[in-house]
Amino acid sequence: MPALLEVRELSKSFGGVAANVDISFDVGQGEILGLIGPNGAGKTSLFNSISGEVTPDRGEIRLEGVRVSGLGPVACAARGIARTFQVVRSFDSMTVLENVMVGAFARARRTRAAMALAEETIDFCGLTGRIDRPAWSLSPPEKRRLEVARALATGPRLLLLDEMLTGLTPTEAQAGVQLVRDVQARGVTIIMVEHVMEVVLPLVSRAVVLNLGRVLTIGSPAEIVRNPEVIRAYLGEKYAPAA
Ligand SMILES: Nc1ncnc2c1ncn2[C@@H]1O[C@H](COP(=O)(O)OP(=O)(O)OP(=O)(O)O)[C@@H](O)[C@H]1O
């Protein structure tokens with residue numbers, strides 16, 4: 001798999017707090033990569049650097065070989081990087097259609113074209129019946145879908161999903177998993193931050209495990225759940241192999 005995204009020796013501190021330290025990994029074209037680790041490990045900070053909201057202190061991020069780190073969120077979006085947020089950031093008084101049109105305007109000049117793109121994306125994300133509802137009236141899983149729809153409407157090559165499945169019931173989470181698979185089937189590469197291991201590990205080809213701002217390990221789900229350091233730092237003893 002050729003790399004779509006390369007992160008090289010990335011470090012970022014906030015005052016005295018080292019949020020990311022010397023982080024390097026690749027994401028293959030079409031891959032679903034998991035980004036996991038305990039609270040405060042640096043996952044959202046890394047997303048903030050990749051999506052351009054934060055400029056790393058050191059290191060580099062390249063999308064298809066072209067440096068994108070430090071360009072800012074608008075330029076990163078224009079180059080094909082979109083994201084969702086851990087705390088849903090919908091425009092509550094606007095309808096579902098209007099929310100998704102905000103994303104679509106990243107690539108459509110005219111209102112009619114943005115509307116067509118938004119309608120198609122809303123259908124794809126399973127929100128057709130909600131298209132004219134104000135965002136505030138949606139259920140929590142629908143709000144997560146709206147976040148995905150707004151990000152997808154920008155036409156990304158790389159989609160960063162920040163805890164999209166957290167707080168959902170098992171049935172809602174399974175529906176969310178199907179949406180992630182459908183997005184991948186469209187050719188979009190995905191990095192997902194998740195804490196629900198039972199849901200995320202079957203979905204990803206590899207996971208990067210962060211701890212205290214550093215990469216603890218990178219591996220397949222089978223390698224991750226067997227790694228004693230990952231069990232100690234994050235997964236807990238229920239994942240320890242039977243003696
Ligand atoms: N803008 C900021 N200003 C100051 N400190 C920050 C900022 N952003 C992140 N940090 C700090 O960096 C560290 C990593 O935080 P980050 O939110 O990236 O972790 P996380 O792995 O996403 O955690 P969680 O799973 O709880 O969302 C934390 O100690 C956090 O307090």
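Which residue of β4 does L5 stand opposite? Select L5 and look across: L63 is there. Before going further, note that this is a predicted model, in which local features need pLDDT of at least 70, side-chain atom pairs count only at pLDDT 80 or more, and totals for chains, interfaces and linings use all residues. Residues are numbered from 1 along each chain as its sequence is written.

**Stop 1: the open sheet**

Element names follow DSSP runs, numbered from the N terminus: helices are H or I runs of at least four residues, strands are E runs of at least two. Select β1 (residues 3–14) and β4 (residues 58–63); they run antiparallel and are joined by 5 bridges. Two strands count as paired if DSSP finds at least two bridges between them. Along this pair, V7 has I61 in β4 as its bridge partner.

Now widen the selection to the open sheet of 4 strands, which goes β2-β1-β4-β5 with antiparallel pairing. At the edges sit β2 and β5 (66–67), each pairing on one side only.

Zoom in on β4 and β5, which pair in the antiparallel sense over 2 bridges. L63 shows up again here, with V66 in β5 as its bridge partner. The hairpin has 2 residues between the strands, and E64 takes a positive phi near 45°.

**Stop 2: around the ligand**

Next, select F14, V17, A19, G37, N39, G40, A41, G42, K43, T44, S45 and Q86, the residues around the ligand. A residue is near a molecule if its C-beta atom, placed from the backbone, lies within 6 Å of it. The elements giving two or more residues to this shell are β2 (17–28) and α1 (43–50), and α1 has the largest share, 3 residues.

Color the shell by residue class and you get 4 nonpolar, 7 polar and 1 charged. Here Ala, Val, Leu, Ile, Met, Phe, Trp, Tyr, Cys and Pro are nonpolar, Asp, Glu, Lys and Arg are charged, and the others, Gly among them, are polar.

**Stop 3: helix α4**

Show A114, L117, A118, T121 and I122, the buried residues of α4. Seen down the helix axis, they fall within an arc of 135°, so they line one face; the arc is that of the directions from the axis to the C-beta atoms. Buried means 20 or more other C-beta atoms within 10 Å of a residue's own, exposed means 12 or fewer, and partly exposed is in between, with C-beta atoms placed from the backbone.

What covers the buried residues includes α3 (96–104) and α5 (140–152). After the helix comes G126, with a positive phi near 75°.

**Stop 4: helix α5**

How many of the 13 residues of α5 are buried? The count is 11, so to speak a mostly covered helix. Among the buried ones are R144, R145, E147 and R150. The buried residues of α5 pack against β6 (81–83), α3, α4, β7 (158–162) and α6 (170–185), where contact means C-beta atoms, placed from the backbone, within 7 Å.

**Last stop: β9 and β10**

Finish on β9 (residues 206–211) and β10 (residues 214–219), an antiparallel pair over 5 bridges. V208 has I218 in β10 as its bridge partner. This hairpin has 2 residues between its strands, and L212 in the turn has a positive phi of about 50°.

Terms used
Two residues are in contact if their C-beta atoms, placed from the backbone, lie within 7 Å.
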